[in-house]
Amino acid sequence: MSLNSHHLFPQLNSQHSPRLLYTADTTDICVSTALPKPTSRVEPQRPVCTGETVTLKCVIESLSKWTYKWYKDRNNNVVFEGNNFTITRVTASDEGRYWCQGVRGERPTSSQLSDSVDVGVDVSMKGENIHI
């Protein structure tokens, strides 16, 4: 049997499942799609001194209308919402491992967690931002 795209009707299998079920006249076709994974990074990519500024960035290239949530040290509490998380006047308590996740109002409603980024703080020296 040959299927034309106008005979396929997409139906999401469930809200949280990354699988689409296509129903055609008498044949079901199951297509698995992976949830998008955000890319995260930290600037600067070195340990910073207390008092300096650190920016964490998160982006998902596929699809659109993503907002982002940041988590710290495998804790389920959101520490920031937004794609650019800037920590000004870093303290020792800001040191740790951070992850981001995309969320949006349409399916898929969430992404995978990003790979972690580490914020290191050198408490032995106090830093100051120097503008040239």
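The legends below accompany close-up views of a predicted model.

Figure 1. The protein contains 13 strands and 0 helices. Its order along the sequence is β-β-β-β-β-β-β-β-β-β-β-β-β. The chain has 132 residues, 29% of which count as buried. Among contacts in the protein with a separation of 6 or more, 54% are between residues 24 or more positions apart.

**Figure 2. The largest nonpolar core.** This core has 17 residues, and the members that touch the most others are Val54, Leu56, Trp70, Tyr98 and Val119. Two or more residues each come from strand 6, strand 7, strand 9, strand 10 and strand 12 (117-119). Strand 6 is the element that gives the most, with 3 residues. A wider setting applies to such a group: in soluble globular proteins, nonpolar side chains tend to be buried together.

**Figure 3. The surroundings of Val119.** Neighbours within four places in sequence are left aside in this view. The residues in contact with Val119 are then Val42, Val54, Leu56, Asp94, Glu95, Gly96 and Tyr98. Of these, Val54, Leu56 and Tyr98 are named, together with Val119 itself, among the core residues that touch the most other members.

Figure 4. The protein has 3 aromatic pairs. One of them joins Trp70 and Phe85, and this pair is tilted because the planes of the rings stand at 50 degrees, with the centres 6.3 Å apart. Trp70 belongs to strand 7 (residues 67-72) and Phe85 to strand 9 (residues 84-87), so the pair ties together parts that are 15 residues apart in sequence. Trp70 counts as buried, at 0% relative accessibility, and Phe85 is buried with a relative accessible area of 9%. Phe85 also pairs with Tyr98 in an edge-to-face arrangement, with 6.0 Å from centre to centre and 70 degrees between the planes. Tyr98 lies in strand 10 (residues 96-103) and Phe85 in strand 9, so this pair ties together parts that are 13 residues apart in sequence. Both Phe85 and Tyr98 are buried. One aromatic cluster is formed by Trp70, Phe80, Phe85 and Tyr98.

**Figure 5. Arginine side chains over tryptophan rings.** Two views of a charge over a ring are shown here. Arg74 lies over the face of Trp99, at 4.4 Å from the ring centre. The ring of Trp66 has the charged end of Arg104 over it, 5.0 Å from its centre.

**Figure 6. The disulfide between Cys58 and Cys100.** The structure holds 1 disulfide. Its partners are Cys58 and Cys100, whose sulfur atoms are 2.0 Å apart. The torsion about the S-S bond is about 75 degrees, so the disulfide is right-handed. Distant parts of the chain are linked in this way, with Cys58 in strand 6 (residues 54-59) and Cys100 in strand 10, 42 residues apart. Cys58 and Cys100 are both buried. Another cysteine, Cys49, is buried with a relative accessible area of 16%.

**Figure 7. Two cis peptide bonds at prolines.** The peptide bond from Glu43 to Pro44 is cis, with omega near 0 degrees. Pro44 is located in the loop between strand 4 and strand 5 (48-50). A cis peptide bond also joins Arg107 and Pro108, where omega is about -5 degrees. Pro108 is part of the loop between strand 10 and strand 11 (110-113). Thr33 lies 10.0 Å from Pro108, C-alpha to C-alpha, although the two are 75 residues apart in sequence. The position of Thr33 is in the loop between strand 3 (28-32) and strand 4 (39-43). Thr33 counts as partly exposed, at 36% relative accessibility.

**Figure 8. Loop residues with positive phi.** Asp73 is not a glycine, yet its phi is positive, at about 50 degrees. This residue is placed in the loop between strand 7 and strand 8 (78-81). Asp73 is partly exposed, with a relative accessible area of 43%. Arg89, also a residue other than glycine, has a positive phi near 50 degrees. Arg89 is found in the loop between strand 9 and strand 10. At 69% relative accessibility, Arg89 counts as exposed because its value is over 50%.

Notes:
Residues are numbered from 1 along each chain as its sequence is written. This is a predicted model: local features need pLDDT of at least 70, side-chain atom pairs count only at pLDDT 80 or more; totals for chains, interfaces and linings use all residues. Side-chain values use heavy atoms; hydrogens and water are left out. Helices (H or I, at least four residues) and strands (E, at least two) are DSSP runs, numbered from the N terminus. Buried means under 20% relative accessible area, exposed over 50%, partly exposed in between (1.4 Å probe, protein chains only). Contact means heavy atoms within 4.5 Å. Rings of Phe, Tyr and Trp (its six-membered ring) pair if their centres lie within 6.5 Å; planes under 30 degrees apart count as stacked, over 60 as edge-to-face and the rest as tilted. A charge sits over a ring if NZ of Lys or CZ of Arg is within 6 Å of the ring centre and within 35 degrees of the ring normal. A disulfide is a pair of cysteine sulfur atoms within 2.5 Å. A nonpolar core is a set of buried Ala, Val, Leu, Ile, Met, Phe, Trp, Tyr and Cys residues joined through side-chain atoms within 4.5 Å.
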